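I put down what I looked up, in the order in which I looked.

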Number of protein chains: 2
Amino acid sequence: MPNGFRRFFLGPVFVLAIAIDASAVADEGMWPFNAPPLKQLKEKYQFEPTPQWLDHLQKASVRFNSGGSGSFVSANGLVITNHHVAADCLQKFGDEQHNYLRDGFYAKTQSEEKKCVDLELNVLESIEDVTARVNSAVKSGMSSDAAAGARRNAIAQIEKESKEKTGLRSDVVTLYQGGAYHLYRYKRYDDVRLVFATEQQIAFYGGDPDNFEYPRFDLDICIFRVYENGQPAKIDNFLKWNSRGPSNVELTFVSGSPGKTDRQLTLDELADTRDRYLPYVLRMFNRREVLELSYSARSFGNARKARDDLFGDQNNRKRYDGYLAGLLDPQTWSALTAREQKLRDAIARDPKLRSTTAAYDRIKNAQAEIAKNAPLYNYLEQERPITIGYRGPRALSGNLFKYARLLIRAVDERAKPNGERIPEFRDSARESLELELFSTEPIYDDYEILRLTDSLTDFASQFAANDPLVQKVLAGKSPHARAVELVTGTKLKDVAVRKDIYGKDAAALQAFHDPMIDLARLVDGPARDARKRYDAQEEIKKQAYSEIAKAHFAIEGASSYPDATFTLRLSYGTVRGYEQDGKQIPPFTDFAGLYQRSVEHDNKSPFDLPQRWIDKKANLNLATHFNFVSDADIIGGNSGSPVVNKANEFVGIIFDGNIQSLVLDCIFTDKQARAVSVDSAAIIEALRKVYGASGLADELESAK
Amino acid sequence: MPNGFRRFFLGPVFVLAIAIDASAVADEGMWPFNAPPLKQLKEKYQFEPTPQWLDHLQKASVRFNSGGSGSFVSANGLVITNHHVAADCLQKFGDEQHNYLRDGFYAKTQSEEKKCVDLELNVLESIEDVTARVNSAVKSGMSSDAAAGARRNAIAQIEKESKEKTGLRSDVVTLYQGGAYHLYRYKRYDDVRLVFATEQQIAFYGGDPDNFEYPRFDLDICIFRVYENGQPAKIDNFLKWNSRGPSNVELTFVSGSPGKTDRQLTLDELADTRDRYLPYVLRMFNRREVLELSYSARSFGNARKARDDLFGDQNNRKRYDGYLAGLLDPQTWSALTAREQKLRDAIARDPKLRSTTAAYDRIKNAQAEIAKNAPLYNYLEQERPITIGYRGPRALSGNLFKYARLLIRAVDERAKPNGERIPEFRDSARESLELELFSTEPIYDDYEILRLTDSLTDFASQFAANDPLVQKVLAGKSPHARAVELVTGTKLKDVAVRKDIYGKDAAALQAFHDPMIDLARLVDGPARDARKRYDAQEEIKKQAYSEIAKAHFAIEGASSYPDATFTLRLSYGTVRGYEQDGKQIPPFTDFAGLYQRSVEHDNKSPFDLPQRWIDKKANLNLATHFNFVSDADIIGGNSGSPVVNKANEFVGIIFDGNIQSLVLDCIFTDKQARAVSVDSAAIIEALRKVYGASGLADELESAK
């Protein structure tokens, strides 16, 4: 699930556990390690994990700050994750002579292991319930603002004390939308070295056509080693390697850090998502994909320039297609309706909670306001001002406008007290702001002009060509002529110029002129207004959701799992296939299927095999299981999570969900939704027979 | 300009000749041969074509009933046109062993020349003004219905008399939206045989990326021979071949049959086209292109199935992109505004015409009603019920639904008197209806399911999932499940079943059930209602446009050219390059550029060369001009038109317009809009050096 994980989370909220299928009890839930689903496991699988079993799996699990999961798989600090989780690292190693992302990597000896910049791994050491202490900071009679402030202070105090006392990274995690506060303590590893990576071609074999699909043939893995004091770290809790992989219908467990789920959304908000928001973003991704594909088709150079954008847009298009298909499935919708009705009935029955009913209407009204404001907000401002792959607001796409806006706002906001600034300009965000602003990422005039022309055209189409703001933005020119003028006229391509502008005060900036800066100023008023309106409604929703969640918590207590919060969770599921269009999809693929797929496509991209795989075919046991599916409850952020069996042995690694799993954002279903993993058997077979990495394979298998 | 020509025309309307550029007098106009632009040619070019010159060019010009143009180029009946105009023919020749469309064709001897089915060529013999006779049929005091009927009768009578008297095909053409009626008499050729075709790969070299672009490298030609009484026809008026091609800034002429222009549209309608209609169709084409590309990427088999649809959708996407870009250019819009203002001022000044002003408001109001009705109309009914590549209404895409609707409507409409039926079910259309209905075109379940799933999803997104009609159509299922049920459940894949249903009477049909037939019945009421509303507003517009055109004609007379009507027209223009993004685009390309382009793209599709072109490279004079551009006024239907010099020699053949020419639909501009031609020099060089077709080349060059 490349890009499946987003760095920006909404608040977590308590959810009801209702499976869509009536079949037995479903394998639902992303359970905190201090509240594991012992009852469910015992009832359905007659399996009772011991505290030691849980503690071992918890401490063998690793969170990647780059947005994924992994696990320890040797006593000497080997950590396995997905190739796509490590992609950023692999890219950064590259130079003129080396392209590790494309070609893969293997360090035969420890001295060849390559240290990563920026990579931090966290291992969860302990969880402590600090709800009482956080809540005790709030005194009766406090305004809601004062209460929030008091809570924030209490949390900061707890984190500080814990850090000082233990030396561990200490985060207070808000669970159940404020129903509970838990202190998570992590051991940090920041000396992480690359040991092994496959070629991207086999990690992402099948490219966009196979992304989110099954059957699948991807060796999406990458292996690191953590060091302490310059030596391989000694790891007590690592997963023993099982070289056979799992069997059909075997019970397996997934231990990782799912990023974010939205299983608390009201039907009204989900209807708006289904009928307005998803069609809107899909139109946008379709438009971009066509633009980037037709540009890419014109030359190899173009294809290179548009590659990352195209990859992201295709991935998102497919992902939202899948989500929409889920919401349009009446079975899913019935389950969502039943979930909400059950809660609303319980609320209505309880006189102390009855007032909460109004929260549903507040959400509905706020969502209607958000919908009304959406065109202006989306075209001029957009949701996430700084995030990976952000390309400016929809009307003004491109890196150059993005820089212009960040610069004028940085100067404007700097003059305000820290607390009054919009979040991406607060002191705490300065580092990532500057990283973004002073990036040396290359800027291609032709590609900037293409994107800006298209987005200005889109803007004129959305609001009509004679809309006053459209006319001001176009300044009497056609979209193309205006884009050419802006892109060739601005000086913002030069990092030094951006640094210089960033250093100006408000007065100096006002006297400064650059076509792109002037344009950013021109739209800043309406853009900020649209954002204010959006934020105001989001705040109303947040409070209403919190009220509903608290009512829910009052009714059910912590007998269910909280929404995902990029903290460690335990999921479980059965290895099993599913039915699609009357056809049974088997749970396993094998190496023979990989070669067959390549033949069926004349070995043409994206179904071409790395040369090594062609050369070494005869060495391989082609019946080796390659990928498999299970019905475990996962989501973006689970990428790289270990799959273990009841003996706590490593039998596979999660790397994707199928297209039917994309609805797991808002509700669990196990009818067709499946988590997709690489089989541990395939990893060992490939390491030995394709990559000649027997030293590494020996280390992995040594503790069998 | 593949697909650039449409078979369905609106009525022709008088237009004002206003060039966008102020530079000298522009080379504007598609002039009837009985009203050539003598004054303009004399003033700007000091060239005075004689009546003989014009008569020769007229009779050397050929109209293809498949929707394009061509010309005689030898005394023995050789006719040259575009490969893409002949594509349908070439396809029909194919069998298991032969794919002439892909591989090309050359008949070394006359006995090898292959006779085409269905191809009819028309040569314009004479034009006669019959306006007075047509108008005299209308007596004062007649209702407008009666007047229209009287005119229709008069026209039918004139055509019949002429046919009987001369034996020639005789068509009365309505020009200037009823300002004039001219009788066109054609000699018909229906024994047309294929002599030579290039490979599609070189005819459409560069595929979608190069479509509508320049510089260009396409040998888009195909050569036929017409026969009479089983012998090659003896042709008096054929174009002498000029083997050098044209020079830079040379005056050239284009003689062909442009299909349809809309240069009479009011600003209100154009604003709706720009702000609503074009964005709407572009969203649709983007959506389809992504669907077809992602499906195609999954297997070669898929790519084959989706190939034609993808080609059409990419072509349309690019075409409408170009048109929208033109309408968003303020220079174009100013020219459109000036054109309308000039006419409205003249109308306002003339007391007899002043009442016509109200016609503008009627168009504006009707267009607003059309816009309001558009979602229902587009999703349930769509504009063109039977046309090439029609794939059903937007909500219910696919061949199977299309058949179901045609069947139930054919039975329903048959019960009505002929004149009361909707047009595609009148007796005159029976043949094409049955051709469509009983087509043996293969139907692929998976592809039908894909398209139907996507269009049902689109339908639910457009009207919201809980819309009553959406719910009825989906019948409690997800779009995918419903599509699977319909496609696998219907019997309409079987031509015999369609024939059987077609033969039923209304009562028998009512008793008959099939999932797709039942669905077609379910939506037929709302679909027909939407169509009625649309047709009513179109009729209001038609009458209002006719009123404006008559006022215009009263003011200006026939001193300008009428809108295109797929009748023979003379355009003229200078061979010249243009400026794009500050870069000068030269007027000519050459063979060297073709090979260079192939190298730049590693000879990968769509930039791969046919093997023959690789093998024969050393034979070629690489400096030979390949394609060239001129500023002549052309549009779809002009494909295949000969380009001649002042000596009436064949110097090239039109095959495309650049992207900036797409706005020529509604207004002429010569700033960047260019007609793109194959150079006569390239044709001879390729015939001799690549195809070894020296016999054919000798015949072409023999009359030099």
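Into which domains is chain A divided? I found domain 1 (31–120 + 190–262 + 563–701), domain 2 (121–189), domain 3 (264–349) and domain 4 (369–562); the bounds come from an automatic or database domain assignment.

Ground rules. I am working on a predicted model, in which local features need pLDDT of at least 70 and side-chain atom pairs count only at pLDDT 80 or more, while totals for chains, interfaces and linings use all residues. Residues are numbered from 1 along each chain as its sequence is written, and chains are lettered from A and ligands numbered from 1 in the order in which they are written.

Chain A overall. I counted 24 helices and 22 strands in chain A; helices (H or I, at least four residues) and strands (E, at least two) are DSSP runs, numbered from the N terminus. The radius of gyration of chain A, taken over C-alpha atoms, is 26 Å, close to the 27 Å that the globule rule gives for 704 residues, so chain A is as compact as a globular protein of that length. The rule is 2.2 Å times the number of residues to the power 0.38. I noted a span of about 70 × 70 × 55 Å for the C-alpha trace of chain A along its principal axes. Of the 704 residues in chain A, 51% are buried (20 or more other C-beta atoms within 10 Å of the residue's own, with C-beta atoms placed from the backbone).

Domain 1 against domain 2. The C-alpha centres of these two domains of chain A lie 32 Å apart. Their contact takes 19 residues from domain 1 and 10 residues from domain 2; two residues are in contact if their C-beta atoms, placed from the backbone, lie within 7 Å. On the domain 1 side, helix H2 (51–60), strand E2 (61–64) and strand E10 (191–197) of chain A give two or more residues each.

Helix H2(A). I listed A:Leu57, A:Gln58, A:Lys59 and A:Ala60 as its buried residues. What covers them includes E2, strand E3 (68–72) and strand E7 (121–129) of chain A.

Helix H6(A). H6 (residues 144–166) has 23 residues and reaches 33 Å from its first C-alpha to its last, close to the 33 Å expected at 1.5 Å a residue (1.5 Å times one less than the number of residues). Its buried residues are A:Ile155, A:Ile158 and A:Ser162. They pack against helix H5 (131–136), strand E8 (169–175) and strand E9 (180–189) of chain A. Just after H6(A), A:Gly167 takes a positive phi of about 75 degrees.

Chain B against chain A. How many residues does each chain give to the contact? I read 36 residues from chain B and 36 residues from chain A. On the chain B side, H9(B) supplies the largest share, 10 residues.

Definitions and conventions
A residue is buried if 20 or more other C-beta atoms lie within 10 Å of its own, exposed if 12 or fewer, and partly exposed in between; C-beta atoms are placed from the backbone.
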